[in-house]
Amino acid sequence: MRKLIFGMNLSLDGYIAAPGDDLGWGVPSDELFQWWSDRVGATGLALYGRKLWETMSSHWPTADQQPGATPAEIEYARRWRDMPKVVFSSTTSTVDWNTRLVTGDAVTEITRLKAEDGGPMDIGGATLAGAAMRAGLIDEYALVTMPVLVGGGTPFFTALDSWVNLHLVATRTFPGGVVLTRYETRR
């Protein structure tokens with residue numbers, strides 16, 4: 001059975017994007033960027049909602065070919081293209097870069113994918129992750145908290161029907177006051 005992990009950068013007040021989908025406050029240090037790259041390299045399957053897919057696929061497929069691309073960006077772009085991905089969307093019609101599209105019920109498909117053998121799955125995108133949270137499918141939360149208050153936007157956590165008890169499994173600090181906390185769901 002695969003493990004499902006929801007991890008993203010978030011502001012101290014709990015948002016993954018500021019109003020207007022602004023992500024400018026979440027620029028990672030080199031050390032944090034490497035941590036994210038290593039996660040991509042260790043991911044067996046990435047699950048994306050439409051908006052996050054559009055953000056990622058607009059940059060990473062060719063980021064290694066851009067003038068001034070750093071070795072870390074080149075490595076991340078390669079890892080991202082190679083990583084198997086599933087995009088959940090009823091409005092997207094085509095995907096590329098080792099990706100397949102699912103237009104049906106996300107919770108049903110995620111449940112099926114979790115039951116398969118394979119490496120860990122990462123899930124990203126507020127709406128998609130919110131559906132997986134409400135269905136009790138997320139096994140681990142990786143919160144990369146940036147020391148900034150954005151005052152609103154897209155929240156990391158969704159409204160839930162019941163409590164989810166968690167167990168702290170790791171913490172790590174990064175330059176600039178960024179803190180990683182990883183929690184496993186208690187079942």
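The model is predicted, so to speak of local features a pLDDT of at least 70 is needed, side-chain atom pairs count only at pLDDT 80 or more, and totals for chains, interfaces and linings use all residues. Residues are numbered from 1 along each chain as its sequence is written, and side-chain values use heavy atoms, leaving out hydrogens and water.

**The domain and its sheet**

The UniProt record (an unreviewed entry) puts the domain "Bacterial bifunctional deaminase-reductase C-terminal" at residues 2-180. UniProt positions follow the numbering used here, feature names are shortened, and annotations may be inferred rather than shown by experiment. Over residues 2-180 the chain is 29% helix and 27% strand, with the end C-alpha atoms 22 Å apart. Helices (H or I, at least four residues) and strands (E, at least two) are DSSP runs, numbered from the N terminus.

Now for the sheet: it is open, has 8 strands with mixed pairing, and runs in the order E5-E4-E3-E6-E1-E7-E10-E9. Two strands pair if DSSP finds at least two bridges between them. Strand E5 (99-102) and E9 sit at the edges, each pairing on one side only. Inside the sheet, E3 (residues 45-49) and E4 (residues 85-88) run parallel and are joined by 4 bridges. Gly-49 stands opposite Phe-88 in E4. Helix H5 (residues 126-134) packs on the sheet, touching E1, E3, E4, E6 (121-124) and E7; contact means heavy atoms within 4.5 Å.

What joins distant parts of the chain? One such link is the pair Glu-140 in strand E7 (residues 140-146) and Lys-3 in the segment before strand E1 (4-11), 137 residues apart. A salt bridge is a side-chain nitrogen of Lys or Arg within 4 Å of a carboxyl oxygen of Asp or Glu.

| Pair | N to O distance |
|---|---|
| Glu-140 and Lys-3 | 2.8 Å |
| Glu-31 and Arg-172 | 3.1 Å |
| Glu-109 and Arg-100 | 2.5 Å |

Glu-31 lies in helix H1 (residues 30-42) and Arg-172 in strand E9 (residues 166-174), so this pair ties together parts that are 141 residues apart in sequence.

Are the partners buried or exposed? Buried means under 20% relative accessible area, exposed over 50%, and partly exposed in between (1.4 Å probe, protein chains only). Glu-140 is buried at 2%, while Lys-3 is partly exposed at 29%. Likewise, Glu-109 is buried at 13%, and Arg-100 is partly exposed at 35%.

Finally, salt bridges that share partners join Lys-3, Glu-140, Arg-182 and Glu-184 into one network.

How values were computed. Axes fitted to C-alpha atoms, helices over the stretch in contact; angles between N-to-C directions.
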